[in-house]
Amino acid sequence: MNLHVGTIASVFALILIQGGAGKADTPPSQQNATGDVITQEEGLIVTTLNDVANAETQFSKTKDSASILRFYTEDYAGIKDGKSETVKDSEKYLAKVLERINSDEPIGISSKVLNIKPNVTGRLGWATYEYEYKVIRSGVIQRFSQGLCTAIFRKQGDSWLIRHEHCSPASPAPLFPNLK
């Protein structure tokens with residue numbers, strides 16, 4: 001009996017030591033912009049979203065649709081402002097934007113993502129975040145949208161690609177703010 005109790009105590013002590021020393025097989029964690037502790041894989045999702053926004057912002061300089069589309073799976077299906085979209089729809093939109101960039105009155109884009117909250121389970125991930133998107137021509141904002149998104153990611157190789165995204169514009173102020 002004492003040998004059995006001693007074995008259990010030894011195993012328990014080893015578990016406590018391993019737990020106290022940190023998990024050697026778990027990647028180190030970091031903090032996102034909102035101060036939440038996130039894993040390395042969750043950090044890669046945050047990086048993907050920031051890289052998409054940066055590629056959109058740089059589009060008027062790069063003129064390279066692939067620099068944006070490379071972050072999406074081939075079977076991507078999303079909803080933006082209540083409208084369904086696929087990769088083909090995104091390609092058409094970017095072609096129209098490129099026409100405007102190359103016109104006599106070129107446009108610029110400012111794209112930002114904020115307050116990203118990522119999660120990962122195996123090879124699937126998701127994140128909620130806020131977005132802000134501006135199209136600017138001659139220093140004047142031509143289009144402005146901001147709102148909330150939820151994105152679903154699939155791990156392909158070393159990259160987290162966006163498989164689905166649902167973005168809705170920010171709600172307008174309530175008509176009767178004092179009524180709840």
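**Reading contacts, burial and confidence**

Reader: Which residues does E132 contact, leaving aside its neighbours within four places in sequence?
Author: Contact here means heavy atoms within 4.5 Å. By that rule, and leaving aside neighbours within four places in sequence, E132 is in contact with S110, S111, K112, F144, S145 and Q146. E132 itself is found in strand β6, residues 124-137. Strands (E, at least two residues) and helices (H or I, at least four) are DSSP runs, numbered from the N terminus.

Reader: What should I know about the model and its numbering?
Author: This is a predicted model, in which local features need pLDDT of at least 70 and side-chain atom pairs count only at pLDDT 80 or more, while totals for chains, interfaces and linings use all residues. Residues are numbered from 1 along each chain as its sequence is written, and side-chain values use heavy atoms, with hydrogens and water left out.

Reader: What pLDDT does the protein average?
Author: pLDDT is the predictor's confidence in each residue, on a scale from 0 to 100. The protein averages 82, and 75% of the residues score at least 70. Over residues 1-27 the value is below 50, and this stretch has three contacts in the model beyond near neighbours in sequence. Where pLDDT is low, the predicted coordinates should not be read in detail.

Reader: How many helices and strands are there in the protein?
Author: There are four helices and eight strands. Their order from the N terminus is α-β-β-α-α-β-β-α-β-β-β-β. Among contacts between residues at least 6 apart in sequence, 52% join residues at least 24 apart.

Reader: Is E132 buried or exposed?
Author: Buried means under 20% relative accessible area, exposed means over 50%, and partly exposed is in between (1.4 Å probe, protein chains only). E132 counts as buried because its relative accessibility is 17%. Across the protein, buried residues make up 29% of the 180 residues.

Reader: What does the accessible surface of the protein come to?
Author: Accessible areas come from the Shrake-Rupley method with a 1.4 Å probe; for residues, only the protein chains shown count as cover. The total for the protein is about 11,800 Å², of which 57% belongs to carbon and sulfur atoms.

Reader: Where does T48 lie?
Author: T48 lies in helix α2, residues 40-62. With 8% relative accessibility, T48 counts as buried. Apart from its neighbours within four places in sequence, T48 is in contact with F71, F153 and W160.

Reader: Which element holds E56?
Author: E56 also lies in helix α2. Its relative accessible area is 15%, so E56 is buried. Leaving aside neighbours within four places in sequence, E56 is in contact with I68, I109, S111 and Y133. E56 and L69 are 13 residues apart in sequence and 9.8 Å apart in space, C-alpha to C-alpha.

Reader: Which residues lie nearest the centre of the largest pocket?
Author: On a 1 Å grid over the protein atoms alone, a pocket is an open set of points where a 1.4 Å probe fits, with protein on both sides within 12 Å along at least five of seven lines; lining residues have an atom within 4 Å of a point. The largest pocket is lined by 29 residues, and E56, K80, E85, Y93 and R143 lie nearest its centre.

Reader: How are the lining residues of the largest pocket split by class?
Author: Ala, Val, Leu, Ile, Met, Phe, Trp, Tyr, Cys and Pro count as nonpolar, Asp, Glu, Lys and Arg as charged, and the others, Gly among them, as polar. The lining has 15 nonpolar, four polar and ten charged residues.

Reader: What is the phi of D81?
Author: Most residues other than glycine have a negative phi. D81 has a positive phi of about 50° although it is not a glycine. D81 sits in the loop between β3 (72-80) and β4 (83-86). With a relative accessible area of 35%, D81 is partly exposed.

Reader: What is the phi of N115, and where is N115 found?
Author: Phi of N115 is near 50°, a positive value in a residue other than glycine. N115 is found in strand β5, residues 107-121. N115 is partly exposed, with a relative accessible area of 33%.

Reader: Is G139 buried or exposed?
Author: G139 is exposed, at 70% relative accessible area. G139 lies in the loop between β6 and β7 (140-156). The C-alpha atoms of G139 and G108, 31 residues apart along the chain, are separated by 8.8 Å.
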